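Please keep the sequence and the model open while reading the numbered points.

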Amino acid sequence: MASSPDKEKQGSLWFKNKKALNNVLFAMRLHSLTPKQALSQNQTAKQPTGKTLDNFTLTNLVSDKTSLLSDEILLKILSKLPNSQRSANFLVSKRWLNLQGRLLRSIKLLDWDFLISGRLSLRFPNLIHVDLVNGCLISPRNSGIFVSHKQIVSFHVGSDVEHKDWFFDESFVLNANEVDKGLSVLANGFPNLRKLVVINASEIGLLNVAQECPTLQELDLHMCNDRILLGIAGCKNLQILRLSGIVDGIYSSLVWDIGLTILAQGCKRLVKLELSGCKGSYEGIRAIGQCCQMLEELALCNHKMEDGWMLALSYCENLKSLRFSSCKRIDGCSGVDEHLGFCRAVESLCLEKCQLRDKNSLRALFVVCQNVRELVLKNCWGLTDDMFGTANVLRRVRCLILEGCSLLTTHGLESVIISWNELKSLKVKSCNSIKDSEVNPTLSSVFSSLKDLKWDPDTKAFLTANLAGSGLKKKGVKFFKKSCDWKSLPQVHRISDS
């Protein structure tokens with residue numbers, strides 16, 4: 001729709017008339033100030049000068065219109081920008097640099113001196129999530145060698161390292177006293193801290209954080225042991241806790257039943273607990289189940305638990321999600337079904353990158369989680385038809401996700417899911433032993449009753465179908481067959497023998 005000439009004229013005046021623009025900006029400035037400041041500013045603007053109204057006092061500020069806005073208004077404007085456009089805002093001016101720091105909520109510290117000197121709290125006063133792991137590690141920043149272990153810890157390594165257990169060398173990680181000093185500065189500067197990630201801390205440093213940061217809700221402890229867990233007893237509002245004990249090939253610290261009992265008695269409001277490389281037994285898991293009544297999610301990564309620990313899972317009455325990751329075994333003690341008990345509230349069971357070698361152990365896990373609604377099996381070694389057949393004890397599964405289970409066949413899948421009357425969703429991916437050609441009418445009828453079906457089991461067949469007609473499967477000699485005679489090219493002349 002075409003606009004009227006009057007409106008176009010008004011629009012052009014709005015942008016071209018600096019006097020009108022200055023008046024609007026000045027009004028916004030007065031609105032953002034307190035009444036006393038606004039009165040003083042207005043009187044200053046109205047004082048008689050030797051110039052007319054056209055020479056408005058704020059004319060000199062037209063080049064930087066944002067200077068007329070208060071910090072609160074400018075912060076609201078900057079907060080509406082997408083994250084991709086925020087990173088360069090600090091280059092505008094020193095004021096924008098300070099405002100950008102006030103908007104930042106999460107940071108991963110790289111320079112430990114930046115924390116100790118107090119510059120972190122001055123530069124970023126509103127942080128609620130701080131990761132100190134990389135700052136605690138003394139490693140060369142310019143090294144091209146980068147070590148990462150299953151997203152638990154990552155760092156740079158110098159090329160001059162020769163001995164095997166180099167990570168435990170004191171020259172590569174800050175000692176506990178230095179880490180505690182940093183935690184003290186952090187706690188005093190950020191009383192509203194909600195999430196903290198730290199390595200090689202002591203109970204003294206954690207107690208200081210617990211006292212000064214009552215809103216702390218999430219805590220990640222690397223190189224953790226039983227003694228360190230004494231410090232988290234003061235974190236009354238802690239809801240998410242991740243403990244990293246033994247990390248194969250990097251560091252080795254011990255979390256046993258004593259530490260699990262300490263955290264159970266001190267953190268009774270836990271909702272999510274993740275134990276990575278932690279030892280323990282029946283007593284430690286039972287203490288967690290009895291004391292942490294609000295616990296809903298339990299995750300075990302590469303656990304070192306003693307046989308029989310799974311018998312204590314029944315004490316976790318409100319547990320809704322149970323996850324195993326990179327575990328070499330589940331539990332060596334099979335037990336009798338009535339002694340196992342079961343978790344009534346468990347709805348999701350996930351096993352990822354686990355070694356499933358013991359049939360009795362896997363069946364015992366399914367008995368404990370017999371009310372599970374979602375079953376996820378990803379990249380698990382040893383999951384044969386016989387092993388997967390133990391899932392027959394599950395009767396209430398509504399969603400099954402299979403990925404990277406190369407030993408499971410179509411017959412093994414069919415023998416289990418035909419007995420699951422409540423199954424509504426099935427996702428099969430990269431299971432090369434499950435073939436489309438082996439799907440029989442019985443299995444097809446199960447598929448027809450599903451609400452959600454994602455079927456991509458054989459990656460080799462999928463690749464073959466995509467390469468059909470491209471000629472890439474042919475041998476090199478045939479693929480690079482000469483299309484023409486080189487002698488027939490016009491640029492090549494045959495040299496005759498003299």
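Which residue forms a salt bridge with Glu 274? The points below begin with that pair; the model is a predicted one.

1. The partner is Arg 323, and the closest N and O atoms of the salt bridge between Arg 323 and Glu 274 are 3.7 Å apart. This pair links distant parts of the chain, since Arg 323 belongs to strand 12 (residues 321-325) and Glu 274 to strand 8, 49 residues apart. The two partners may be described by their accessibility. Arg 323 has a relative accessibility of 25% and counts as partly exposed, whereas Glu 274 has a relative accessible area of 19% and is therefore buried, the cut-off being under 20%.

2. The side chains of Glu 297 and Lys 272 meet at 3.9 Å, N to O. Glu 297 lies in strand 10 (residues 297-301) and Lys 272 in strand 8 (residues 272-276), so the pair ties together parts of the chain that are 25 residues apart in sequence. Glu 297 is partly exposed, at 24% relative accessibility.

3. Asp 386 and Lys 359 form a salt bridge through their side chains, with an N to O distance of 2.9 Å. Here the linked parts are helix 16, which holds Asp 386, and helix 15 (residues 359-368), which holds Lys 359; the two residues are 27 residues apart. Both are partly exposed: Asp 386 has a relative accessibility of 47%, and Lys 359 has a relative accessible area of 35%.

4. Some salt bridges share partners. Such bridges join Lys 195, Glu 218, Asp 220, Arg 242, Glu 274 and Arg 323 into one network. The model has 11 salt bridges by the rule applied.

5. Glu 414 is buried yet has no salt bridge, and the nearest side chain of opposite charge, that of Arg 395, is 14 Å away. What does the side chain of Glu 414 make a polar contact with? The partner is the side chain of Asn 440, at 2.9 Å. When neighbours within four places in sequence are left aside, Glu 414 is in contact with Asn 440, Thr 442 and Leu 443.

6. Met 223 has a positive phi of about 55° and sits in the loop between strand 6 and strand 7. With 9% relative accessibility, Met 223 counts as buried. Asn 379 likewise has a positive phi, near 50°, and is placed in the loop between strand 14 (374-378) and helix 16 (385-388). Is Asn 379 buried or partly exposed? At 30% relative accessibility, Asn 379 counts as partly exposed.

7. Gly 234 is partly exposed, with a relative accessible area of 30%. How many residues apart in sequence are Gly 234 and Leu 206? They are 28 residues apart in sequence, and their C-alpha atoms are 8.5 Å apart in space.

Notes
Residues are numbered from 1 along each chain as its sequence is written. This is a predicted model: local features need pLDDT of at least 70, side-chain atom pairs count only at pLDDT 80 or more; totals for chains, interfaces and linings use all residues. Side-chain values use heavy atoms; hydrogens and water are left out. Buried means under 20% relative accessible area, exposed over 50%, partly exposed in between (1.4 Å probe, protein chains only). Helices (H or I, at least four residues) and strands (E, at least two) are DSSP runs, numbered from the N terminus. Lys and Arg count as positive and Asp and Glu as negative; His and the chain ends are not counted. A salt bridge is a side-chain nitrogen of Lys or Arg within 4 Å of a carboxyl oxygen of Asp or Glu. A polar contact is a pair of N or O atoms within 3.5 Å; within protein, one must be able to donate a hydrogen and the other to accept it, and residues adjacent in sequence count only if both atoms are side-chain atoms. Contact means heavy atoms within 4.5 Å.
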